[in-house]
Amino acid sequence: MKKKLQKYLSGEREGFSLVELIIVIAIMAILIGVVALAVIPYLNRSRESRDLSTLDTVSSALTTAVAQSQVTGQGKFEYGNATDPDDVKVQTAMQTVLGTDVPTLTSNAASSAKIYCKYDTSSNTIVTYASADGTKAVKSEYDNVTGYDENLAKTSGGTALAVGN
């Protein structure tokens, strides 16, 4: 104890030098940069997967709503903004299942897109998709096989953010 007290009073303190601290901080910054570059693509894929899950949920609600509202013919509307009387019936039935909040899409590909619902009772077709203008689905950044291409044509390996039966 006496030696420690004498060492402290004499000014000989133990610790890290400024150069050692700067080197450690530089190494940590490099490691954080490498880890971030490896993780960011997985975060974007996770967001796109969540968007596909959201579209699948809306598609299930659309299928149920078309059956419950007993509409005939075909229709296409932006979810949360239907104007045609049959589309309003379908959307109202969907909102009883999903709630009144419009689901949001978070992936890079669909950041400015809205959810569109398309149904045709004569061919028994239901499709929900993410689109900026309602005519063409947003193209997936990754190889998510949805069965629809970006033009909503049914294919064996489509890469659009679209879900349907």
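Trainee: Where does Asp87 lie?

Mentor: Asp87 sits in helix α3. A word on the model before we go on: it is predicted, so local features need pLDDT of at least 70 and side-chain atom pairs count only at pLDDT 80 or more, while totals for chains, interfaces and linings use all residues. Residues are numbered from 1 along each chain as its sequence is written, and side-chain values use heavy atoms, with hydrogens and water left out.

Trainee: How should I read the surroundings of Asp87? Which side chain of opposite charge is nearest to it?

Mentor: Start with the terms. Buried means under 20% relative accessible area, exposed over 50%, and partly exposed in between, using a 1.4 Å probe and protein chains only. Lys and Arg count as positive, Asp and Glu as negative, and His and the chain ends are not counted. A salt bridge needs a side-chain nitrogen of Lys or Arg within 4 Å of a carboxyl oxygen of Asp or Glu. Now the case: Asp87 is buried but has no salt bridge, and the nearest side chain of opposite charge, Lys76, is 9.6 Å away. Contact means heavy atoms within 4.5 Å. Leaving out residues up to four places away in sequence, Asp87 touches Gly75, Lys76, Phe77, Ala82 and Tyr119.

Trainee: And what about Asp120? Which residues is it in contact with?

Mentor: Asp120 belongs to strand β2. Asp120 is buried and lacks a salt bridge; Lys118, its nearest side chain of opposite charge, is 7.9 Å away. Neighbours within four places in sequence aside, Asp120 is in contact with Gly73, Gln74 and Thr125.

Trainee: Let's stay with β2. How many of its residues are buried?

Mentor: Strand β2 covers residues 114-120, and five of its seven residues are buried. When you look along a strand, remember that in a regular one the side chains alternate between the two faces of the sheet.

Trainee: Which strands pair with β2, and in what sense?

Mentor: Strands pair if DSSP finds at least two bridges between them. Strand β1, residues 74-78, is antiparallel to β2 over five bridges, with Phe77 opposite Cys117. On the β3 side, residues 125-131, seven bridges join the two strands, again antiparallel, and Tyr119 stands opposite Ile126. The hairpin of β2 and β3 has four residues between the strands, and Asn124 there takes a positive phi near 55 degrees.

Trainee: How many aromatic pairs does the rule give?

Mentor: A pair of aromatic rings is described by the distance of the centres and the angle of the planes. Rings of Phe, Tyr and Trp (its six-membered ring) pair if their centres lie within 6.5 Å; planes under 30 degrees apart are stacked, over 60 edge-to-face, and the rest tilted. That rule gives one aromatic pair. Tyr116 and Tyr129 are stacked, 5.7 Å centre to centre with 20 degrees between the planes. Tyr116 is in β2 and Tyr129 in β3, so the pair ties together parts that are 13 residues apart in sequence. Tyr116 is buried at 9% relative accessibility, and Tyr129 is buried at 0%.

Trainee: Which residues have the most contacts inside the largest nonpolar core?

Mentor: A nonpolar core is a set of buried Ala, Val, Leu, Ile, Met, Phe, Trp, Tyr and Cys residues joined through side-chain atoms within 4.5 Å. The largest core has 25 residues, and those with the most contacts inside it are Leu62, Phe77, Val90, Met94, Tyr119 and Ala130. Helices α2 (18-69) and α3 (85-98) and strands β2 and β3 each supply at least two of its residues, and α2 gives the largest share, seven. A second, separate core of eight residues includes Val127, Tyr148, Leu152 and Ala160.

Trainee: What does Met94 touch?

Mentor: Met94, in helix α3, is buried with a relative accessible area of 0%. Apart from residues up to four places away in sequence, Met94 touches Val58, Ala61, Leu62, Ala65, Phe77, Tyr79, Gly99 and Cys117.
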